[in-house]
Amino acid sequence: MKILLLNGTIVGSKTKSLLNEIERYIHKLNKGYETSIIYLEDYQMEFVDGRPVEEYNEEMQQLIRQVEEADAYVIATPIFQGSIPGTLKNLLDAISPRAMRHKPVSIVANGGTLQHHLVIENQLKPILNYFRCLVTPNYVYTHTNHFSTQGELIDEDVHNRLREMTDVFHQYIEMSKKI
């Protein structure tokens, strides 16, 4: 089972910190899941404009393939200007809707205020529902106060919520095997 942990931005460290914690919790499940983390800043992304996948550069094609070949996902995103980053939306625009169908997805997000959690509900979940993903109900939203000045996750409640989300994610993975 290939689990893709996707950092939906090309800047900052908080979502990276969240993904690293989630990867640790996934490995603690001892289920033999294969995890990989994608950092979008490591790819020469192109603007998605409706061309066939073969017409994008090699790195973009590789990125699309990695997403489409995964069995489950954890998407981490910051909230910028009350929205998901354009880099994340651009990548999702490149993915075939059938590629993520019935695959489990958990969401973690970080924003500057507590109110920005609604971006998950109003923007990211509808996109993932369009893909017909199995979106876990317990996403984890964090804000600046949950991190040290070095970007390290320091809030114990967030750690507990990440562990719980990972447990539910595991149940969704098991459920997806029967679909």
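Helices here are DSSP runs of H or I with at least four residues, strands are DSSP runs of E with at least two, and both are numbered from the N terminus. Counted that way, the protein chain has 5 helices and 6 strands. Read along the sequence, they come in the order β-α-β-α-β-α-β-α-β-β-α. The model is a predicted one, so local features need pLDDT of at least 70 and side-chain atom pairs count only at pLDDT 80 or more, while totals for chains, interfaces and linings use all residues. Residues are numbered from 1 along each chain as its sequence is written, and side-chain values use heavy atoms, with hydrogens and water left out.

On overall shape, the C-alpha trace spans about 45 × 40 × 25 Å along its principal axes. The radius of gyration, taken over C-alpha atoms, can be set against a globule rule of 2.2 Å times the number of residues to the power 0.38. For 179 residues a compact globule would come out near 16 Å, and the chain's 15 Å agrees with that. Burial is judged by relative accessible area with a 1.4 Å probe and protein chains only: buried is under 20%, exposed is over 50%, and partly exposed is in between. Buried residues account for 50% of the 179 in the chain. Accessible areas come from the Shrake-Rupley method with a 1.4 Å probe, and for residues only the protein chains shown count as cover. The chain's accessible surface is about 8,800 Å², with 48% of it belonging to carbon and sulfur atoms. Contact means heavy atoms within 4.5 Å. Of the contacts with a separation of 6 or more, 74% are between residues 24 or more positions apart.

Next, the inside. A cavity is a set of points, on a 1 Å grid over the protein atoms alone, where a 1.4 Å probe fits but cannot get out, and lining residues have an atom within 4 Å of a point. Grid points are joined across faces, edges and corners, and a volume is the space filled by probe spheres set on the points. Searching the whole structure turns up 1 cavity of 30 Å³ or more, and the largest cavity holds about 30 Å³ of space. Its lining consists of Leu-4, Leu-6, Val-67, Tyr-73, Ile-75, Leu-92 and Met-100. Strand S1 (2–7) and strand S3 (72–78) are the elements that give two or more residues to that lining. Ala, Val, Leu, Ile, Met, Phe, Trp, Tyr, Cys and Pro count as nonpolar, Asp, Glu, Lys and Arg as charged, and the others, Gly among them, as polar. On that scheme the lining has 7 nonpolar, no polar and no charged residues.

Leu-92, one of the lining residues, is also among the buried residues of H3, together with Thr-87, Leu-88, Asn-90, Leu-91 and Ala-94. The cover over these buried H3 residues includes S1, helix H2 (58–69), S3 and helix H4 (118–130). Asn-90 is buried, with a relative accessible area of 12%. Leaving out neighbours within four places in sequence, Asn-90 is in contact with Met-45, Glu-46, Phe-47, Val-48 and Met-60. Asn-90 and Glu-46 sit 44 residues apart in sequence but 8.4 Å apart in space, C-alpha to C-alpha.

Ser-83 belongs to the loop between S3 and helix H3 (86–94) and is partly exposed at 24% relative accessible area. Beyond four places in sequence, Ser-83 is in contact with Pro-78, Val-119 and Gln-123.

In helix H4 there is Lys-125, a residue that counts as buried at 16% relative accessibility. Not counting residues up to four places away, Lys-125 touches Ile-107, Ile-120, Val-135, Pro-137 and Tyr-139. Thr-136 lies in the loop between strand S5 (134–135) and strand S6 (140–143) and is buried, with a relative accessible area of 1%. Contacts of Thr-136, again leaving aside neighbours within four places, are Val-105, Ser-106, Met-165, Val-168, Phe-169 and Tyr-172.

His-102, not a glycine, has a positive phi of about 60°; His-102 lies between H3 and strand S4 (104–111) and is partly exposed at 36%. Arg-132, also a residue other than glycine, has a positive phi near 65°. Arg-132 sits in the loop between H4 and S5 and is partly exposed, at 47% relative accessible area.

Technical notes: On a 1 Å grid over the protein atoms alone, a cavity is a set of points where a 1.4 Å probe fits but cannot get out, and a pocket is an open set with protein on both sides within 12 Å along at least five of seven lines; lining residues have an atom within 4 Å of a point.
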